[in-house]
Amino acid sequence: MVKKRNRDPEVLPEAPSAQGGDNDSGSDDDVDMVNVEFEWFNFKPEVDFHGLKSLLRQLLDVDSQLFDLSALADLILSQPTIGSTVKVDGDETDAYAFLTILNLHEHREKKIIKDLTEYLIEKSKSTPSLAPLVGLLTSSSQVGLVLGERLINVPAEIAPPMYTMLIDEIEAAVEDKEPYEFTHYLILSKTYNEISSSLDQEDAPRTKKNKAIKTSREVFYFHPEDEVLQKHALASGSFEYTKDEGEGMADSKRAFSEMGIKPQGSMIMIEASKFEGASKAISEYLNAAQ
């Protein structure tokens, strides 16, 4: 099992490597590859605040404007032994990724958690597949809110160790009588739809038919592990963001295709008894995909 670097001074043999090219020729046979060794760390409040806040902004996308991200980052950093950061140049640098969990019931009186919970309830009410979440989020159920994000191009293979370590840390915290004995786990994440470019349709007649086919129905995952997790879910689904990023933003997000993309929020609720199995399934899925 992969250990966090600051608990194990030896090099991580299982750490995944990221590879990138410096050659723009487009040839598959002549590409300079760069290997990057990732390291896992506990949160370090005096170092991780700004990097964590930036990743939270990326996770919440346009709706990050609705929340006090500084307060959210401070809350996460107040429990440094729960969750992980992933870095490449030692623990004094900004994180490339993070994963953590917050007890929504334990912190229910904090404004940032009140705001987040109200937001999640509102989105659950607006999405039929998420309707079961409303009762859980308005009750005294011990719901653990799982928050995780990584920079673009950081490989998905870092996810299984992070989930494994999170489960181990929760078990240790429960043994120490800390408030991490959850009934359910709620993963807040992101998905997207492909959307036809407004630039491509400037000369096309603006008919109802054109508008109807503008956005695809197929859901794509920013995090491949989410596709695995939702198979183990009590309830899951995507929802529209509250803030409107503007029609032109889809064109600026044309990544790897002629289509633009329309990000949306995603929630996955998993019963506590199924969370460890879901975590193992992530590892099996990503290993099989290699």
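This is a predicted model: local features need pLDDT of at least 70, side-chain atom pairs count only at pLDDT 80 or more; totals for chains, interfaces and linings use all residues.
Figure 1. Side chains of opposite charge can pair when their charged atoms come close. Glu276 is partly exposed, at a relative accessible area of 39%.

**Figure 2. A salt bridge network of Lys44, Asp91 and Glu92.** These three residues, Lys44, Asp91 and Glu92, form one network. What joins Lys44, Asp91 and Glu92 is a set of salt bridges that share partners. The structure as a whole holds 10 salt bridges.

**Figure 3. The salt bridge between Asp61 and Lys190.** The side chains of Asp61 and Lys190 meet at 3.1 Å, N to O. Where do the two residues lie? Asp61 is in the loop between helix 1 and helix 2, and Lys190 is in strand 7, residues 184-195. The pair therefore ties together parts of the chain that are 129 residues apart in sequence. Are Asp61 and Lys190 buried or exposed? Asp61 has a relative accessibility of 14% and counts as buried, because the cut-off for buried is under 20%. Lys190 is also buried, with a relative accessible area of 8%.

**Figure 4. The salt bridge between Glu109 and Lys114.** Here the side chains of Glu109 and Lys114 meet in a salt bridge, and the N to O distance is 3.8 Å. Glu109 is exposed, with 60% relative accessible area. Lys114 has a relative accessible area of 37% and is partly exposed.

**Figure 5. The packing of helix 1 against helix 2.** Two packed helices are described by the angle between their axes and the distance between the axes. For helix 1 (residues 45-60) and helix 2 (residues 69-77), the angle is about 125° and the axes are 9 Å apart. The two helices are therefore oblique to each other. Helix 1 passes helix 2 in a right-handed crossing.

**Figure 6. The residues where helix 1 meets helix 2.** Which residues of helix 1 take part in the contact with helix 2? They are Pro45, Asp48, Phe49, Leu52, Lys53, Leu56, Arg57 and Leu60. On the side of helix 2, the residues are Leu69, Ser70, Leu72, Ala73, Asp74, Ile76 and Leu77. By type, the residues of this contact between helix 1 and helix 2 divide into 10 nonpolar, four charged and one polar.

Figure 7. Glu225 lies in helix 7, residues 224-229. With a relative accessible area of 4%, Glu225 is buried.

**Figure 8. The whole chain, for orientation.** The chain has nine helices and 10 strands. It consists of 290 residues, and 47% of them count as buried. Among contacts between residues at least 6 apart in sequence, 78% join residues that are at least 24 apart.

Terms used. Residues are numbered from 1 along each chain as its sequence is written. Side-chain values use heavy atoms; hydrogens and water are left out. Axes are lines fitted to C-alpha atoms, for helices over the stretch in contact, and angles run from 0 to 180 degrees between N-to-C directions. Helices (H or I, at least four residues) and strands (E, at least two) are DSSP runs, numbered from the N terminus. Angles under 35 degrees count as roughly parallel, over 145 as roughly antiparallel, 65 to 115 as roughly perpendicular and the rest as oblique. A crossing is left-handed if the near helix is turned anticlockwise from the far one by less than a right angle, and right-handed if clockwise. Contact means heavy atoms within 4.5 Å. Ala, Val, Leu, Ile, Met, Phe, Trp, Tyr, Cys and Pro count as nonpolar, Asp, Glu, Lys and Arg as charged, and the others, Gly among them, as polar. A salt bridge is a side-chain nitrogen of Lys or Arg within 4 Å of a carboxyl oxygen of Asp or Glu. Buried means under 20% relative accessible area, exposed over 50%, partly exposed in between (1.4 Å probe, protein chains only).
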